[in-house]
Amino acid sequence: MAEGMRNNGEEKVEEINYRGVKAMPFVIGNETFEKLGTVGASSNLLVYLTTIFNMKSISATNLINVFHGTCNFGTLVGAFLSDTYFGRYKVLGAASISSFLGMLVLTLSAAVKTLHPPHCVDALCVGPTPWQMAFLLAGFMFMIIGASGIRPCNLAFGVDQFNPNTESGKKGITSFFNWYYFTFTFAMMVSLTIIVYVQASISWAIGLAIPTFFIFVSCVMFFVGTRIYVIVQPNDSPLTNIIQVLVATIKKRKLIVPKDPTVSLFNHVSSKSINSKLSYNNQLKYVSKS
């Protein structure tokens, strides 16, 4: 765990024990099984809503668009909460559990007859009752919370496990990205073929139970590796810093930028920060006044 402490006015930092490769299987396993679950369920939602819940295509499409749009917007909220208040580990853990609960609700809506409308008989289709729709939307809400926490944090959390200041750490980060995108592609292939086939040709209950089981395994793998993770404590949100810079730039817009900004401008990097220091360049010079 990365923690800062002060002694005699000097800022000191406890030495971080990077486990790198030892932690990578848990992070990669969590991400792989999570993608197997969420992609396997969300890729065929339109068919599920129109055949099991007897929704009209337009209504089902609108609901799916709102679902995906909210997931994408929610990543901003998840990233802000992670960086500012809770840290990536807590957000990922809570989001993984939320994804599992969402998939469990979705599976129950397919497996339990009272939780979805009866099948259409002779072109007579009965839509979902308010309670059935509320149960379905509750599942979507849990999945949105899960996606909002997992998407902005999983890659960054994996990188946290490696020391970016050593050659072995840099190689480990490169290896992590390679494995991450390899397993991501593999999970997409399996989800869009085998799981979709089970849903369409065998049973929706089984076809949704399989992704639910995958997400359960994802949660287990994530929490099993807790003892060896590097858990970076929340410090400051990049969004907050960006807003502060823009406000300061507007207030100081009449100031003159020094001839050599690399020497004269304030360029402090806290020793508690594990972020790499970026060199000064001439792009976006107007923010140098901040």
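User: Which residues does Leu 208 touch, leaving out residues up to four places away in sequence?

Analyst: Leu 208 touches Ala 41, Tyr 48, Met 103, Leu 106, Thr 107, Ala 110 and Gln 199; contact here means heavy atoms within 4.5 Å. Keep in mind that this is a predicted model, with local features needing pLDDT of at least 70 and side-chain atom pairs pLDDT 80 or more, while totals for chains, interfaces and linings use all residues. Numbering runs from 1 along each chain as its sequence is written, and side-chain values use heavy atoms, without hydrogens or water.

User: What makes Trp 179 and Phe 182 an edge-to-face pair?

Analyst: Rings of Phe, Tyr and Trp (its six-membered ring) pair if their centres lie within 6.5 Å, and planes under 30 degrees apart are stacked, over 60 edge-to-face, the rest tilted. Here the centres are 5.9 Å apart and the planes sit at 90°, so edge-to-face it is. Both residues belong to helix α7 (residues 167-201), three residues apart, about one turn of the helix.

User: Why is Phe 182 called exposed, and Trp 179 partly exposed?

Analyst: Buried means under 20% relative accessible area, exposed over 50%, and partly exposed in between (1.4 Å probe, protein chains only). Phe 182 has 53%, so it counts as exposed. Trp 179 has 45%, so it lands in the partly exposed class.

User: Why is the pair of Tyr 48 and Trp 204 called tilted?

Analyst: Its centres are 5.0 Å apart, with 55° between the planes, so the angle falls in neither the stacked nor the edge-to-face range. Tyr 48 is in helix α2 and Trp 204 in helix α8, so this pair ties together parts 156 residues apart in sequence. Helices are DSSP runs (H or I, at least four residues), numbered from the N terminus. Both Tyr 48 and Trp 204 are buried.

User: What makes a set of residues a nonpolar core, and how many residues does the largest have?

Analyst: A core joins buried Ala, Val, Leu, Ile, Met, Phe, Trp, Tyr and Cys residues through side-chain atoms within 4.5 Å. The largest has 24 residues, and Leu 208 is one of those with the most contacts inside it, along with Tyr 48, Leu 49, Leu 106, Leu 136 and Phe 140. Helices α2 (45-51), α3 (57-86), α4 (88-111), α5 (130-150) and α8 (204-224) each supply at least two of its residues. α5 gives the most to this core, with six residues. Another core, of 19 residues, lies apart from it and includes Ala 23, Met 24, Tyr 89 and Leu 92.
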